[in-house]
Structure formats: C-alpha cells, structure tokens
Amino acid sequence: MKRVLIIVLAMALCGLEAQAQMQRQRPEIGGVSVGIKGGVNFPRMLYLHNETMSQTDQGILVKPVAGVYADIPLNRWMSVAPEIMYVERGTSMTYQHHSGSTVNYDMHLKYADVRLPLELRWPMKSVAQPYAVVGAEVGLCLGDSIRMKRTAPIAFDESVAVGLANMNPLHVGVFGGVGIRNRMAVGQRDLILKVAATYHLGLLDSYSPMEKDGMAQAQNVNAYQVVGQRLPEGLELTVGAALSLHRHRDACSSFLGDRYRRRGSSRHLFGY
C-alpha cells in the first residue's frame with residue numbers, strides 16, 4: 001500500500017512539474033530556429049526618368065522564390081531572420097514597333113540573395129501572431145535570358161544570354177511587408193510557421209555599367225532604351241517553417257530522476 005501511495009504521489013507531482021516545466025522551458029521569446037521557406041514572386045521593372053518605358057504596360061509574371069533562414073528572437077516583440085534565397089526577377093511587356101510589328105519582350109533573371117529581415121510582432125496569446133517586417137537585401141545575378149519576338153512585316157525571334165554586357169551583376173534593395181506566425185510544440189522542439197507578403201524594391205540601376213558607358217551595345221534596343229534607371233521590384237508571397245535548435249527537457253523524467261532516485265542507483269525509484 002505504501003508503495004502504491006508513493007507511485008500515485010509521484011505521478012501527481014510529475015503532472016504538476018510537467019506543467020511548470022512547460023511554462024519555464026517554452027517561454028514567449030523562444031530560441032533560435034532554422035528552417036526553409038518558399039513561395040512566388042510577381043516581378044516587374046520600375047523605370048525612372050524614362051517616360052516611354054514607364055508608360056509601357058507590363059504583364060503579370062509568376063516566378064519562384066525559395067531558400068533557408070534562421071529565426072533569432074531578440075525579445076518578446078522583435079526578432080531577426082537572416083536568409084539566403086534563390087529569386088527570379090524580370091519583366092514581360094508587349095508594345096507596337098514603329099514599323100507596325102507587335103513586339104513581345106521578356107526578361108528572365110535569376111538571383112542569389114542574402115537578406116536581413118527585422119520582424120516586429122505583436123505579443124498575443126492567440127494561435128496566429130501578426131507581425132511587420134522590414135529589411136535589406138544584397139543579390140548576385142546568376143544570368144538567364146532576354147528574348148524579343150517580333151511579328152511581320154519585320155519578323156524575328158531573338159534571345160540573348162544575360163551577362164555583364166547587358167545586366168548589372170549586383171542587386172541591392174530594401175523590402176517591407178506583413179505576416180502571420182505561429183509557434184507550436186512538436187515533440188521536444190518548437191515549430192514556427194510563417195506566412196508573409198513583402199514588397200521588394202531595388203536601389204541599384206539594373207542596366208549594365210558597360211551599356212551606360214557605351215562600352216557595350218544595348219541588346220534588343222527597342223525595349224531597352226538605356227535612359228534613366230531600371231529598378232527591379234516585386235511582390236513576394238512566402239510560407240516558412242523553422243524548427244528550434246533547443247530541445248526541451250522531459251519534465252516527468254527529470255522530476256523522477258532528480259527527486260526520487262536512490263543514491264547510487266540509476267534504475268530504481270527510492271524505496272524499491
């Protein structure tokens with residue numbers, strides 16, 4: 001009977017201890033998490049000081065974006081989430097050539113970005129926690145292609161590779177947006193799920209310095225018109241999932257192990 005009472009008492013205390021451990025070991029701030037994210041980008045080009053190109057309609061493009069990131073909380077309201085992302089940018093437009101031809105112009109660009117977002121979130125007890133995000137990004141152009149297809153009377157289909165002669169290899173930009181995040185327990189770790197919408201704007205002219213200086217002839221000149229600045233912009237919709245690096249202690253086993261083990265014994269409860 002005495003042994004039964006000891007077991008019942010141990011189980012009751014274990015339950016209380018588990019609740020306390022859960023509160024202590026899963027604080028609102030959380031720990032460092034690493035994960036993956038992916039989604040879609042709706043890119044286009046912003047033409048500054050170029051009235052003709054700025055008034056040309058651009059089509060809707062849907063491009064992929066994917067990468068890895070870390071979630072590093074600073075306090076209850078703020079965290080940084082550095083990330084390395086693969087992003088596709090570009091533009092697509094259709095216009096009338098002075099000869100009467102219809103021209104389809106498509107620019108496809110691939111980038112590797114390093115980003116540093118700062119997240120400002122509202123501390124809430126609910127499942128969904130809204131947040132705002134601002135940040136900066138630096139990217140390297142990995143290439144791809146520029147294609148122009150023209151109909152009669154002067155019909156042709158031309159495609160050129162993106163390189164130093166027709167594209168600035170460096171991208172520097174800023175971004176901002178809003179999102180919703182949720183932190184949940186998965187075994188002994190925390191899983192953070194995030195959904196976000198962010199607007200991205202390049203700060204560096206994407207025209208090639210060689211084109212601007214006249215060292216290289218502009219490709220597809222009818223769509224290029226190397227005047228003013230051409231800045232990449234886009235709206236990204238992403239989903240991310242990150243798993244915490246910190247493993248939470250097992251409250252029940254810790255309680256029994258620390259308080260009810262006989263000295264010199266690693267297998268039996270006290271009294272057995």
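Trainee: Starting inside, which strands each supply at least two residues of the lining of the largest cavity?
Mentor: Four strands each do that: E5 (102-121), E6 (129-150), E9 (189-202) and E10 (229-244). Strands here are DSSP runs of E with at least two residues, helices are runs of H or I with at least four, and both are numbered from the N terminus. Keep in mind that this is a predicted model, where local features need pLDDT of at least 70 and side-chain atom pairs count only at pLDDT 80 or more, while totals for chains, interfaces and linings use all residues. Residues are numbered from 1 along each chain as its sequence is written, and side-chain values use heavy atoms, without hydrogens and water.

Trainee: Which strand gives the most to that lining?
Mentor: E9 does, with five residues. The lining of the largest cavity has 19 residues, and Lys37, Glu83, Tyr131, Ala196 and Thr238 are the ones nearest its centre. A cavity is a set of points on a 1 Å grid over the protein atoms alone where a 1.4 Å probe fits but cannot get out, and lining residues have an atom within 4 Å of a point.

Trainee: How much space lies in the largest cavity, then?
Mentor: About 180 Å³. That volume is the space filled by probe spheres set on the grid points, which are joined across faces, edges and corners.

Trainee: And what is its lining like by class?
Mentor: Nine residues are nonpolar, six are charged and four are polar. Ala, Val, Leu, Ile, Met, Phe, Trp, Tyr, Cys and Pro count as nonpolar, Asp, Glu, Lys and Arg as charged, and the others, Gly among them, as polar.

Trainee: How many cavities of 30 Å³ or more does the structure hold?
Mentor: There are four. The second largest cavity has about 60 Å³, and its lining includes Asn41, Arg89, His171, His200, Glu233 and Glu236. Strand E4 (83-96), E9 and E10 are the elements that give two or more residues to this lining. E10 gives the most, with four residues. By class, the second largest cavity is lined by five polar, four charged and three nonpolar residues.

Trainee: Switching topic: how many salt bridges does a search of the whole structure find?
Mentor: The search finds 15. A salt bridge is a side-chain nitrogen of Lys or Arg within 4 Å of a carboxyl oxygen of Asp or Glu. One of them pairs arginine 44 with glutamate 233, at 3.1 Å from N to O.

Trainee: Is glutamate 233 buried or exposed?
Mentor: Glutamate 233 has a relative accessible area of 12%, so it counts as buried. Buried means under 20% relative accessible area, exposed means over 50%, and partly exposed is in between (1.4 Å probe, protein chains only). Arginine 44 has 35%, so that residue is partly exposed.

Trainee: What does arginine 115 form with glutamate 236?
Mentor: A salt bridge, with the closest N and O atoms 2.8 Å apart. Arginine 115 belongs to strand E5 and glutamate 236 to strand E10, so to speak two distant parts of the chain, 121 residues apart. Both arginine 115 and glutamate 236 are buried.

Trainee: Which residues are linked in a network of salt bridges?
Mentor: Lys37, Glu83, Arg89, Asp113, Arg115, Glu137 and Glu236.

Trainee: What about glutamate 119 and arginine 181?
Mentor: Glutamate 119 and arginine 181 form a salt bridge too, with their closest N and O atoms 3.0 Å apart. Here strand E5 holds glutamate 119, strand E8 (residues 170-186) holds arginine 181, and the two are 62 residues apart. Glutamate 119 is buried at 3% relative accessible area, and arginine 181 is buried at 6%.

Trainee: Now the backbone. Where is the cis peptide bond?
Mentor: The cis bond joins alanine 152 and proline 153, with omega at about 15 degrees. Proline 153 sits in the loop between E6 and E7.

Trainee: What is the phi of histidine 49?
Mentor: Histidine 49 has a positive phi of about 60 degrees, although it is not a glycine. Histidine 49 is in the loop between E1 and helix H2 (51-54), and it is exposed, with a relative accessible area of 70%. Aspartate 144, also not a glycine, has a positive phi of about 130 degrees. Aspartate 144 lies in strand E6 and is partly exposed at 29%.

Definitions and conventions: On a 1 Å grid over the protein atoms alone, a cavity is a set of points where a 1.4 Å probe fits but cannot get out, and a pocket is an open set with protein on both sides within 12 Å along at least five of seven lines; lining residues have an atom within 4 Å of a point.
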